[in-house]
Amino acid sequence: EARTALLELIEQSDNIVAFTGAGISTECGVPDFRSKDSPWMRYKPIEFNLFLSDVLMREEAWRRKFALDDIYSMAQPGRGHYALANLVQQGKISAIITQNIDNLHQMSGVDDEHIIELHGNGTYATCLSCGLRHELANVRHDFETTGAAPECRSCGGPVKSATISFGQSMPEEAMQRAHDVTRACDLFLAIGSSLVVYPAAAFPLLAAQNNARLVILNGEATPLDSEADLILRGDIGDILEPFSS
Ligand code: OAD
Ligand code: ZN
């Protein structure tokens with residue numbers, strides 16, 4: 001059976017990379033992107049250039065951001081997060097590469113050295129000019145009292161959620177780290193991702209080309225299934241539950 005095969009692969013390896021997508025967090029109440037009814041399907045995403053050039057779009061981006069935060073900023077890690085945290089603790093997983101911005105890997109007890117965020121983090125904001133970190137509670141307070149898109153208290157530059165928008169360049173250091181750990185691993189677990197967004201989805205491909213075993217855990221088929229050594233189709237929390245305690 002596929003779950004026994006997964007157990008065996010994990011037992012045999014001590015250099016596993018986990019690569020996570022929104023499907024690991026849906027049981028925590030965080031919506032994914034491409035399932036029907038996803039709040040992300042409601043609007044056309046605001047591309048980075050528009051955020052920079054159009055102050056009305058910038059305000060709109062913040063309105064959307066805070067509306068979503070009202071829905072899921074209270075989310076807590078789920079079974080999948082705790083399973084991966086345990087495997088990190090046991091020295092099995094060398095890194096978690098995540099496309100998620102929900103901070104739930106950190107909240108499950110994994111330290112920053114083991115987490116690589118490809119699409120940033122939605123639990124704080126940064127100034128696009130000087131890089132200064134801004135706390136969302138302050139940004140929100142200012143936005144809701146003035147109605148104006150927030151500006152950096154240090155340099156006056158535009159403040160943006162610390163996530164990567166479409167059209168924005170990928171974080172260089174995270175990309176480099178992801179590349180290095182992927183090349184070094186012998187088992188790569190792609191978990192809860194539709195594997196359609198690049199460059200992120202290039203990492204499972206790189207792993208397979210580099211002769212690591214590639215395992216895909218997802219509720220539905222992905223375009224990379226033909227590259228996988230093992231596919232587990234089912235609920236992420238159920239599949240990873242045996243590792244979560
Ligand atoms: P998607 O929404 O594209 O894919 C999530 C996958 O998880 C889908 O195939 C779902 O069927 C599956 N899924 C959801 N809940 C599940 C569960 N409980 N058990 C098993 N499978 C489940 O999300 P990502 O692949 O993470 O980028 O999306 C990639 C990127 O697209 C995101 O990081 C985001 C988005 O645009 C940026 O914002 C830059
Ligand atoms: Zn600044």
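Axes here are lines fitted to C-alpha atoms, for helices over the stretch in contact, and angles run from 0 to 180 degrees between N-to-C directions. By that rule, helix α3 and helix α6 pack at an angle of about 120°. The model is predicted.

**Helix packing**

- Two packed helices are described by the angle between their axes and the distance between the axes.
- Helix α3 spans residues 55-72 and helix α6 spans residues 136-146; their axes lie 11 Å apart.
- The angle of about 120° makes α3 oblique to α6.
- The crossing of α3 past α6 is left-handed.
- Helix α7 (residues 172-184) and helix α8 (residues 202-209) have axes that come within 9 Å and cross at roughly 30°.
- Angles under 35 degrees count as roughly parallel, so α7 is roughly parallel to α8.
- The crossing of α7 past α8 is right-handed.

- The side chain of Thr26 has an N or O atom 2.8 Å from a nitrogen atom of ligand 1.
- Phe33 uses its backbone: an N or O atom there lies 2.8 Å from an oxygen atom of ligand 1.
- Ile236 also has a backbone N or O atom by the ligand, 3.0 Å from a nitrogen atom of ligand 1.
- On its own, ligand 1 has 800 Å² of accessible area, and the protein covers 89% of this.

**Shell around ligand 1**

- There are 21 residues around ligand 1, and Arg34, His119, Ser193, Ser194 and Glu220 come nearest.
- By class, this shell holds 11 polar, 6 nonpolar and 4 charged residues.

Technical notes. Residues are numbered from 1 along each chain as its sequence is written. Chains are lettered from A and ligands numbered from 1 in the order in which they are written. This is a predicted model: local features need pLDDT of at least 70, side-chain atom pairs count only at pLDDT 80 or more; totals for chains, interfaces and linings use all residues. Side-chain values use heavy atoms; hydrogens and water are left out. A residue is near a molecule or strand if one of its heavy atoms lies within 4 Å of it. A polar contact is a pair of N or O atoms within 3.5 Å; within protein, one must be able to donate a hydrogen and the other to accept it, and residues adjacent in sequence count only if both atoms are side-chain atoms. Accessible areas come from the Shrake-Rupley method with a 1.4 Å probe; for residues, only the protein chains shown count as cover. Ala, Val, Leu, Ile, Met, Phe, Trp, Tyr, Cys and Pro count as nonpolar, Asp, Glu, Lys and Arg as charged, and the others, Gly among them, as polar. Helices (H or I, at least four residues) and strands (E, at least two) are DSSP runs, numbered from the N terminus. Angles under 35 degrees count as roughly parallel, over 145 as roughly antiparallel, 65 to 115 as roughly perpendicular and the rest as oblique. A crossing is left-handed if the near helix is turned anticlockwise from the far one by less than a right angle, and right-handed if clockwise.
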